[in-house]
Amino acid sequence: MKPLALTLLLLIQFSAFSQSHLTVRKQSNKVKEEFFIDDVIAFKLKGDKDIYTGKLNAVKAESNEIVVEQAKVDVSEIEVIYSQESFNKNFHYKLLTAGVLLPFLDRFNETVINDQKGTWNPGVLIASGVLISTAFAIKYLKKRKYKIGKRFKLSADYF
């Protein structure tokens, strides 16, 4: 009974890890980017000028298609796919929020907590400006663009 239970447990474990995902590879089969279910992706279809953005709901490796926001898209119809580093996806929002709130929190600290006349501290304003400019730099400089064709290929694979 124990070997049967152990075998079933191992089969359940392996089936939990067999997840399909979208992969961008170089022609030498080196993986450049992977998109998993619930990732937000942006792509452009062949012959279209619009960029579509949406949440990746399903990847069907058998039929080589993806489901983005309830719309089925064939992987071979994607011309360009855009990506951001996973670390940068929401980090710039946190930096921007910190940069905007920092001077106001400093002024609140001076007037309410320390009971002094509130003035704008130049050091805090400089730090706030650095945080805001870093947030915009992260947002706009780290976006990657993969043109599917000669250099890169796109496929729906199993994990």
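F104 counts as exposed, because its relative accessibility is 51%; the cut-offs are under 20% relative accessible area for buried, over 50% for exposed and partly exposed in between, with a 1.4 Å probe and protein chains only. This is a predicted model, in which local features need pLDDT of at least 70, side-chain atom pairs count only at pLDDT 80 or more, and totals for chains, interfaces and linings use all residues. Residues are numbered from 1 along each chain as its sequence is written, and side-chain values use heavy atoms, with hydrogens and water left out.

Staying with the aromatics: the structure holds three aromatic pairs. Rings of Phe, Tyr and Trp (its six-membered ring) pair if their centres lie within 6.5 Å; planes under 30 degrees apart are stacked, over 60 edge-to-face, the rest tilted. F104 and W120 have ring centres 5.7 Å apart and planes at 85 degrees, so this pair is edge-to-face. F104 sits in helix α2 (residues 88-113) and W120 in the loop between α2 and α3 (122-141), 16 residues apart, so the pair links distant parts of the chain. Helices (H or I, at least four residues) and strands (E, at least two) are DSSP runs numbered from the N terminus. W120 is partly exposed, at a relative accessible area of 40%.

Y146 and F152 are also edge-to-face, because their planes stand at 75 degrees, with the centres 5.0 Å apart. Both Y146 and F152 are buried.

Next, the sheet. Six strands make an open, antiparallel sheet in the order β6-β5-β4-β3-β7-β8; two strands pair if DSSP finds at least two bridges between them. Which strands stand at the edges? They are β6 (71-74) and β8 (144-147); each has a single partner strand, so one side of each lacks a neighbour in the sheet. Strand β3 (residues 40-45) and strand β4 (residues 51-60) run antiparallel and are joined by five bridges. Within that pairing, F43 has Y52 in β4 as its bridge partner.

Last, the core. A nonpolar core is a set of buried Ala, Val, Leu, Ile, Met, Phe, Trp, Tyr and Cys residues joined through side-chain atoms within 4.5 Å. The largest one has 18 residues, of which I66 and I81 touch the most other members. At least two residues each come from β1 (20-26), β3, β4, β5 (65-68), β7 (78-83) and β9 (152-158). β9 gives the most, with three. Leaving aside neighbours within four places in sequence, I66 is in contact (heavy atoms within 4.5 Å) with residues including L22, I41, L56 and I78.
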